[in-house]
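Welcome, and please have the sequence and the 3D view open as you read. The report below walks through a few regions one at a time.

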Amino acid sequence: MARTKPTSKSAEKQPSPKADAPAADPSWLTAFDAHLFNEGNHRELYKKLGAHRETVNGKEGTRFAVWAPNAREVSVVGEFNGWEPGKHRLDAQGESGIWQGFIEGVGEHALYKFHIASHKDGYTVAKSDPFAFAAECAPKTASVVKTLDYDWGDGDWMAKRHERNNHAAPMSIYEMHLGSWKHHNDGTSRSLSYRELADVLPKYLHEHGFTHVEFMPLMEHPLYKSWGYQVTGYFAPTSRFGDPQDLMYLIDKLHQAGIGVILDWVPSHFPTDQHGLSFFDGTHLFEHADPKEGFHPDWTSAIFNYGRYEVQSFLISSAMFWLDKYHADGLRVDGVASMLYRDYSRKEGEWVPNIYGGNENLEAIELLQKLNVAVYEKFPDTQMIAEESTAWPGVSKPTWAGGLGFGFKWDMGWMHDTLEYLGRDPIHRKHHHNEISFRGLYQFTENYVLPLSHDEVVHGKGSLLDRFPGDEWQKFATLRLLFANQWANPGKKMLFMGSEFGQTSEWKQDEQLPWWLLDHAPHQGAARLVAELNRVYQGEPALAQLDCDPRGFEWAEGGDAENSVLAFFRKSDDDREWILAIFNLTPVVRGDYRIGVPFAGHWRELLNTDAEQFWGTGVGNMGGVDSEPMPWHDRPHSITLTLPPLGALYIKGERA
């Protein structure tokens, strides 16, 4: 496999580390650290590079370290020296490409950058610290010296989170963009801060039954309307909402309320802003030089050089950092598909094949495998979730079996097919029944999360409600039907903020959610349904224990296209509890609908999306039905149900 390793022209000309540098101090770079970094196997670079408060020979200050192998000179500039280059030079550390030095008197909250004079064409630039723990609030771009001390109070959660974070546990994820969830009502339209959110968000999530929250990227980014997906600070939370300890406080309070925290993380690309990673030391250090490999056509951003060992260490360390220092319970990895394919969004002649002539990005594959191995070795009770939109095999299979090693993968196919189907006029749905049933062919090929994400309510798509035909009642009934289908299907659940109460407009990052809608009955009903779905999902082992195991699913009726009815069973691990999920996908009430069941007894109605409390019409089955000894659907017994219009039922039976 081809590799790219930068040479260090500075190594021959620059002095060795200062004699008084306390090499025994665990935070100072050692020869072994440099070795691990240069071979792509350092997992905790955040403890070595960047800015760290130190006491050297009895003097307090800050140690700075940065990777710039093609620099002629590196100095630290900041308020403490009038931003003057050359006043505080760093020393090259052998052939590692790393520069390091201690500056007395530089303390907490000091602003700084690295001034780099390159060997290349006399190029000079002031760069933000790639390993900074904090940054100035955008549009300012300086890094901030910051310690990460925090007295955590989530010990109980951390000790038991394996019970809430594994494949057999119910996981219901609330995806949110922190800045637009809720604003101050003081006329300023200011977003809530990390600490202000800590006062209201845990309670809201608990009331609606969500087990986890997923934050769209909170890593520092220069452009707010990128929603955080153009990252410049891979070790710094955005200062728009507070400092690092404020974010820790929010996560701490969520954990204490029993809510897991998943962070979006973006290793697929980064912006080309001058202060960031791009062209860092006068060369294409973090990114490929060839635009056919190093420029992302969709996002006009730079692509990491995954074959460079030091870049591997950088990215793996970033992932480990958020799990370590911020107690994150998982990372949702953005844009995995764009990493896996060299020809992603490129035309013929616009991409470079791999060494075997194929379109697979072999270096990215190796990085993702190394990343997942590292994470699960150190943090086995967390989860790595891939946003991967193609049929790449083995995304959530272990690396020893040739997979990428993720814990879960987003099921984009379910999302596209289901929304396409429910967007059709009900009279035409019988001709497209395969769209709602197709998932049964592949649903256990990966460990899936079923996503209804922010991507489905932006860029002119409108809200979820806008997707559905009919009048207001039909739209809300279809929304409830969609949620019931999502919660019943095998896999973990993910819902974007505002969808839980039926937001009527497209999401906008500059506006808070339209909370006033909750004054109206249809929206109250949608919110009550989501809370009830979460309650049932977490209370019924049959709906979660075998989310990733084919033993937990059987078709009851998958082919009734004429009536547009779909039905399947979910089962508990001990095979005692069975839940029939049945969906009437038209606005016609269907009485005396017979379904075969595996055993005799009373089948109790757990949930009915047409209940009046959810703003339905109240058509149902009086709480349950008894089976009859009439074989049906190749099963020894059967039940007859009244199927509500555009409604879903969960019916539970238990073996004697």
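## A strand covered on both faces

Strand β23 has both of its faces covered: Val565, Ala567, Phe569 and Lys571 are buried on one side, and Leu566, Phe568 and Arg570 are buried on the other. Please keep in mind that this is a predicted model. β23 spans residues 565-571, and seven of its seven residues are buried, so the strand is largely enclosed by the rest of the structure.

Which strands pair with β23? One partner is β22 (residues 553-560), joined to β23 by five bridges in the antiparallel sense. Here tryptophan 555 stands opposite phenylalanine 568. The other is β24 (residues 577-584), which runs antiparallel to β23 and is joined to it by seven bridges. In this pair, alanine 567 has isoleucine 582 of β24 as its bridge partner.

Four residues lie between the strands in the hairpin of β22 and β23, where serine 564 takes a positive phi near 55°. The hairpin of β23 and β24 has five residues between its strands, and there aspartate 575 takes a positive phi near 65°.

## Another covered strand, with parallel partners

Now turn to strand β18 (residues 383-386). Both of its faces are covered too, with Gln383 and Ile385 buried on one side and Met384 and Ala386 buried on the other. Strand β17 (residues 330-333) pairs with β18 in the parallel sense over four bridges, and glycine 330 has glutamine 383 as its bridge partner. Strand β19 (residues 408-410) also runs parallel to β18, joined by two bridges. Across that pairing, alanine 386 stands opposite lysine 409.

As background, the strands of a sheet pair through backbone hydrogen bonds, either parallel or antiparallel. An open sheet in this model is built from four strands in the order β1-β2-β5-β4, with antiparallel pairing. β1 (50-56) and β4 (91-92) stand at the edges with a single partner strand each, so one side of each has no neighbour in the sheet. β1 is joined to β2 (residues 59-67) by seven bridges, and glycine 50 stands opposite alanine 65 in that pair.

## The largest pocket

How is the lining of the largest pocket divided among nonpolar, polar and charged residues? There are eleven nonpolar, ten polar and nine charged residues. The pocket has a volume of about 630 Å³ and is lined by 30 residues, with Trp227, Tyr229, Trp299, Asp334 and Asp455 nearest its centre. The elements that give two or more residues to this lining are α9 (336-340) and α11 (412-422).

## A histidine and two cysteines

Histidine 208 lies in helix α5 (residues 194-208). Leaving aside neighbours within four places in sequence, histidine 208 is in contact with Glu500, Ala527, Val530, Ala531 and Asn534. As for cysteines, a search of the whole structure finds zero disulfides.

| Residue | Relative accessible area | Class |
|---|---|---|
| Histidine 208 | 12% | buried |
| Cysteine 137 | 37% | partly exposed |
| Cysteine 548 | 21% | partly exposed |

Is histidine 208 buried or exposed? Histidine 208 counts as buried because its relative accessible area is 12%, and the cut-off for buried is under 20%.

Key
Residues are numbered from 1 along each chain as its sequence is written. This is a predicted model: local features need pLDDT of at least 70, side-chain atom pairs count only at pLDDT 80 or more; totals for chains, interfaces and linings use all residues. Side-chain values use heavy atoms; hydrogens and water are left out. Buried means under 20% relative accessible area, exposed over 50%, partly exposed in between (1.4 Å probe, protein chains only). Two strands pair if DSSP finds at least two bridges between them. A disulfide is a pair of cysteine sulfur atoms within 2.5 Å. On a 1 Å grid over the protein atoms alone, a cavity is a set of points where a 1.4 Å probe fits but cannot get out, and a pocket is an open set with protein on both sides within 12 Å along at least five of seven lines; lining residues have an atom within 4 Å of a point. Grid points are joined across faces, edges and corners, and a volume is the space filled by probe spheres set on the points. Ala, Val, Leu, Ile, Met, Phe, Trp, Tyr, Cys and Pro count as nonpolar, Asp, Glu, Lys and Arg as charged, and the others, Gly among them, as polar. Contact means heavy atoms within 4.5 Å.
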